[in-house]
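User: Could you walk me through this model before I start looking at it in detail?

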Amino acid sequence: MTTTQPDAGLRSIPALVARNAAAHRDRPAFREKEFGIWQSWTWSQSLDEIRALALGLLDLRLNRGDHVAIIGRNRPAHYWSMVAVQMCGAVPVPLYQDAVASEMAYVLGHSGARFVICGDQEQVDKVIEAEESQHTVDRIIYTDKRGMRKYDHSRMTSLADVQAQGRAARSRLEAELDARIAELDYDSTCVMLYTSGTTGKPKGVVLSNANVIETARNSSAFDRLQATDDVLAYLPMAWVGDFIFSVGQASWCGFCVNCPEGAHTMMTDLREIGPTYFFAPPRVFEGQLTSVMIRMEDAGRVKKWLFDRSMALARRVGPALLDGRSVGPLDRLGYAASRLFVIGPLKNTLGFSRIRVGYTAGEAIGPEIFDFYRSLGINLKQLYGQTEATVFITQQPDGQVRSDTVGVPSPGVEVRISDTGEVFYRSPGTFVEYYKNADSTASTKDPEGWVATGDAGFFEEATGHLRIIDRAKDVGKMADGSMFAPKYVENKLKFYPNILEAVVVGNGRPFCTALINIDLTAVGNWAERNNIAYASYQELAGHPQVYETIGQHVEEVNASVAQDPILSGCQIARFLVLHKELDADDGEMTRTRKIKRGVISERYADLIDALYDGRDSVRTETEVTYEDGRKGKLRATVRIEDARVLPSPRDAAQQAAAHKVAAE
Amino acid sequence: MNEHMTTADFEPYTTADGRRIGGVMMDLRNITLRFGGVTAIKDISFDIREGEIRAIIGPNGAGKSSMLNVISGFYVPQEGEVWFRGKRRPALRPYQVARLGIARTFQNIALFDGMTVLDNIMTGRLTMMKSGLVSQALWWGPAQREEIEHREKVERIIDFLEIQNLRKTPVGRLPYGLKKRVELARALAAEPSLLLLDEPMAGMNVEEKEDMSRFILDVNDEFGTTIALIEHDMGVVMDLSDRVVVMDYGRKIGDGTPSEVRNNQAVIDAYLGVAHD
């Protein structure tokens, strides 16, 4: 869509869907792979399904202003639910489907959800368990009928039955539905999303139609998204990004949302769909690159040689071509050839043959990874955003893409840096409020509409690009007063394929230490190659050779950190490899896999003490939570090793000067 | 030997969790099976009712697998009768058994290692394919339609057992637990009314066992399939089954609901290893 002015009538998601059903009648709106075949629904069919569902919800007496929780994987029926709920004047609240019952209980209670739409039996069970403490839910609607026969059906209905009920009640309720749709405008609530809660309890972020539609319009124009684009919807529906891509932008542009068969078929489905517009957190790109590299290690010598040659050329030429810089005719020819024989097939295997715009965000991405995809000719860019901003704060324009910045302010967004270095923004996407939490709303958003991101950053003078250093509250001082920015070092560590997660400790301490998680895929493959037997993650993590490798990585990172005059104090003097993977089920990370420092420093207090008291090994016991909620204990002896720390450039200069003085 | 069967036993009833258990589907009467001088099964009688999960348990060498082979028609007992759906069953060829609606899995997985998961499951529908060799080879007209129809059924099973990501994976590359699942899928592809499972959970870890138990219950629940299974893990058996037959040294030493069997002295002795005369 090239419309720049929002049409007067297009002031809600249902209005956009209705427009699409007229303007893009026979274009696919949703696809889902089921029973091995991609099923698709056109915009007009989708509207019909959505209206049937909305009528059914009315028949079940869904009131204006009610909250409806939606818990399930990405499926057309769940996207329809979000629109149908809004049609009824109610508020959709998508929840993380891998949340455990206690987390779910809090959100259900806080939002006061009267209706819950569950993907399957597993989610229904959790809602029932959550009801031990919360009694807000009147009705449970489920999408997948499997295993549901034995439940008490006085207050449970399958989604298909709700739709059938709605179709039957059409003549009776259609006028009421149309009246409720007509009441919707720019200020009515579009969706409520719970933040993952790195600190404290999750907060319900209320986004209005204005937030979502204006953001969708601006961002779609920025990347020239069109009705012919295809996205793969595989990220949690409770995450703001998925809502903007698969509901906001999809409704605005009228493009097609493709839902994979299940989480474990994502890669195959990605390849079959070949999206033109794709978003993934850095770890997805990392995972793909790791698996490509592992498979190339196993390839024959000729293939390996061809791959290495092609990639060397692509690294030089690919990004230049993407950015429209000049490239010599010989290089162009070589690149064309490798596109035909190596890069093309590789992109096809990865599912990136048709990609036009790719985004990554959420965490820093390693320069090697970033360059790899860009050299394949994939227009991978970075954006910076948060739920409260309806995603977009800054993003990288085509042709100005770098791995260490997050781009320029998105259209319509104002960004300023406070005196303390914290990033503030104000935009059409700025959230309405935190639900039932006026205090937090007031402390986050000032009366002029400026929102504190909680991140410390600065604008690069030469390019006008924003660079993010760390969470503002995590930036601290070491005992000697030098700056401590843990994430800066952690990101450098995580760029090594062998390291999955790292937690750097050092605020107020004399030196920095690190707790490290190895990447089981990469290290496991290395172990296999070197005939190293291991029975568990724990055993592999404690292997002396693994320690040696990780130690080398740590020292390389130290060498790189030492170059930075401000942050050279953040070099890691001692480290250990954790005996278990950090896990959201144990509360150590958020559902979007951000580490929770507070929890980690409490849970592993004994390990951290040992890192600072000079012991070379420590016996520890950790409580773990299994997927089904049961708890167990994990015992281990964890080894601690020292790493070489280099003098900072400033110290080195001083020393050199002192030496010179002494010599004279 | 049939003194435990009163007419009340034949009344259909509904279990606590809402499943309907019907009349007798298979009745085994005074079965004795010998291999040369070895008597594997000695005068055993029991029945399997429509819609139930029936377990056969017992220590190693008790004759459980032989019993399952008698039920499946692979072994023909020297003495005794097998009644299936109210008729005495004569000796049958394996394909005739399959057509009766009986399917099974094996203790030591019998899949085609070089074939993909999908192809392996498709073989479960072979007895139902009608088109001839030539039209199948040419994949023409009716053969094509037929394959699409069968593929649809197979896809539903793939969805049911949650193995969508393995369709194109050769079976030989799968770990043990998943092979077991594929074997179950193949048995289900035949749309059996009676499903025989020979140690479906042998060699599995706790998580795999839980998954498999879930699938067995779901199969029984969703498709109404009657299931007879042999299993070593007592915990699993007691949770899953409606009724349990206990065998020891080829004899039946107990028969009843899990709680009845658990309290049966003969069963306790057999499992704790009391000396036999």
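Analyst: What follows goes through domains, a helix pair and a sheet.

User: Anything to know about the model and its numbering?

Analyst: This is a predicted model, in which local features need pLDDT of at least 70 and side-chain atom pairs count only at pLDDT 80 or more, while totals for chains, interfaces and linings use all residues. Residues are numbered from 1 along each chain as its sequence is written, and chains are lettered from A and ligands numbered from 1 in the order in which they are written.

User: OK, which domains does chain A have?

Analyst: The assignment for chain A gives domain 1 (13-208) and domain 2 (476-651), with domain bounds taken from an automatic or database domain assignment. The C-alpha centres of these two domains of chain A are 41 Å apart.

User: And how many residues are in contact there?

Analyst: Eight residues of domain 1 of chain A contact seven residues of domain 2 of chain A, where contact requires C-beta atoms, placed from the backbone, to lie within 7 Å. On the domain 1 side, four residues are nonpolar, three polar and one charged; here Ala, Val, Leu, Ile, Met, Phe, Trp, Tyr, Cys and Pro count as nonpolar, Asp, Glu, Lys and Arg as charged, and the others, Gly among them, as polar.

User: How do α1 and α3 of chain A pack?

Analyst: Helix α1 (residues 13-23) and helix α3 (residues 76-87) of chain A pack at an angle of about 115 degrees, their axes being 9 Å apart. Axes are lines fitted to C-alpha atoms, for helices over the stretch in contact, and angles run from 0 to 180 degrees between N-to-C directions. Helices (H or I, at least four residues) and strands (E, at least two) are DSSP runs, numbered from the N terminus.

User: Which residues meet there?

Analyst: A:I13, A:P14 and A:V17 in α1(A) meet A:V83, A:Q86 and A:M87 in α3(A). By class, that contact has five nonpolar residues, one polar and no charged.

User: Switching to chain B, what is the strand order in the sheet?

Analyst: The order is β4-β3-β6-β7 in an open sheet of four strands of chain B, with antiparallel pairing, and strands pair if DSSP finds at least two bridges between them. The edge strands are β4 (38-49) and β7 (87-88) of chain B, each pairing on one side only.

User: What joins β6 to β7?

Analyst: Two bridges join β6 (residues 79-84) of chain B to β7(B), and the two strands run antiparallel. B:F84 stands opposite B:K87 in β7(B).

Key: Two residues are in contact if their C-beta atoms, placed from the backbone, lie within 7 Å.
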